[in-house]
Amino acid sequence: MPSRSNTVAVIGTGSWGTAAAGLVAANARDVLIWARSAKVAQGINQDHANPRHLTDYRLPDKVRAVTAPADCTRADAYVFAVPSSYLRGVARQFADVIAVDAPVVVLTKGIEPDTHKLMADVVADEIGHPERMAALSGPNHAEEICRGMVSAAVVASTNPQVAETFQRLFVSPSFRVYASGDLKGVEVCAAVKNVIAIACGVAVGLGAGDNTLAVLMTRGLAEIGRISAATGGDPMTCMGLAGMGDLIATCTSPHSRNRTFGEAFVAGETLAAYEDRTHMVVEGARAARSTLQVARELGVECPITRAVHAILYEGADVASAIDTLLDRPPRREFYGIREA
């Protein structure tokens, strides 16, 4: 794909989709951003701003919003940035739109319930040709990216050329992009770290200190590593931007919807009420279900995920869930992961 003479279609107008459209605009001739809402599309086209998300961010003039998938037919590359629960349905709408040789990158983070498929696999199921799929992940709060603050991400694909395509497309002086061949590992990190962030939010809501958060994050990272290894990913990926990097940002930042939901949950707010108030999807709440399914199927221990699932879906009180974690006998630090 030429480095500048191209058209890129961004599917989704949430915070990350909006920020992604601004990022790729620096390296693309034209950017189309697909919106489900005609009102959002109208706001972007009239005011160069998303009226629902990142409302203070001015999008580059070359970004144009559309509402029909067919309007994206001529794009040279596609960026999917819709919530995990909508991803399959939206991808299906674009199945006849995306050319068979067009590269596709997925920014959505999660594991599909019941099928246990990662997000790039979900899109590939609907549009075909999985060899052109990629995933981009890292410590990337859209609110900071839009302000030009330094950030970084890793783009992973089993096809090095696809990874390089999106590396060129997203990179900027303030947004560094690294390449990886571990698509599965990057996606596992992206999904499970959201669950750990909810646990950290719960801990903060209960008045936990820095030591507790550090324990949750590092043991959470070990949990991610076990799941990644069991699914065929490289545990070393957990040490990089998609793992440790994103985990730190998601577990500590006030921009993190998963962390702030954990705090709100302890204060008595339900998941539905939180999402209605913030207009944002808490991906970690969905991932808690699917991650636990995957872990049970593969025989992987995931005590933090199990505790989050228990308080969200099994009616367990938070104190009991914490006791369950603390009553566990300590093991070797990296059990379940290949050790030298």
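At what angle do helix α4 (residues 119–127) and α7 pack, and how far apart are their axes? The close-ups below take that one up along with a few other spots.

A note on the model: this is a predicted structure, where local features need pLDDT of at least 70, side-chain atom pairs count only at pLDDT 80 or more, and totals for chains, interfaces and linings use all residues. Residues are numbered from 1 along each chain as its sequence is written, and side-chain values use heavy atoms, with hydrogens and water left out.

**View 1. Helix α4 against α7.** The two pack at an angle of about 115°, and their axes are 9 Å apart. Axes here are lines fitted to C-alpha atoms, for helices over the stretch in contact, and angles run from 0 to 180 degrees between N-to-C directions. Helices are DSSP runs (H or I, at least four residues), as are strands (E, at least two), numbered from the N terminus. On the α4 side you'll find Met119, Ala120 and Asp121, which meet Leu183, Lys184 and Glu187 in α7. That contact, meaning heavy atoms within 4.5 Å, splits into 3 nonpolar, no polar and 3 charged residues. For the classes, Ala, Val, Leu, Ile, Met, Phe, Trp, Tyr, Cys and Pro count as nonpolar, Asp, Glu, Lys and Arg as charged, and the others, Gly among them, as polar.

View 2. On a 1 Å grid over the protein atoms alone, a cavity is a set of points where a 1.4 Å probe fits but cannot get out, while a pocket is an open set with protein on both sides within 12 Å along at least five of seven lines; lining residues have an atom within 4 Å of a point. Grid points are joined across faces, edges and corners, and a volume is the space filled by probe spheres set on the points. β6 (133–137) and α7 (183–205) each supply at least two lining residues. Among the residues around this cavity are Met119, Leu136, Val186 and Glu187, and the lining as a whole has 5 nonpolar, 3 polar and 2 charged residues.

**View 3. α7 alongside α9.** α7 and helix α9 (residues 241–252) pack at about 25°, with axes 9 Å apart. They are therefore roughly parallel to each other (angles under 35 degrees count as roughly parallel, over 145 as roughly antiparallel, 65 to 115 as roughly perpendicular and the rest as oblique). The crossing is right-handed; a crossing gets that label if the near helix is turned clockwise from the far one by less than a right angle, and is left-handed if anticlockwise. The contact includes Val186, Ala190 and Cys200 of α7 and Leu247 and Cys251 of α9. Its residues divide into 9 nonpolar, 3 polar and 2 charged.

**View 4. α12 over α13.** These two pack at about 120°, again with axes 9 Å apart. That makes α12 oblique to α13. The crossing is left-handed, and the residues in contact include Arg286, Arg289 and Leu292 of α12 and Val308, His309 and Tyr313 of α13. Sorted by class, there are 6 nonpolar, 3 polar and 3 charged residues.

**View 5. The largest pocket.** Its volume is about 1,000 Å³. Of its 44 lining residues, Gly14, Ser15, Pro83, Arg257 and Val281 are closest to the centre. The lining takes at least two residues from each of several helices, including α1 (15–25), α3 (84–93) and α10 (257–266).

View 6. Val215, Leu216, Ile304, Leu325 and Leu326 lie nearest its centre, out of 29 lining residues. The largest share, 6 residues, comes from α8. By class the lining has 21 nonpolar, 1 polar and 7 charged residues.
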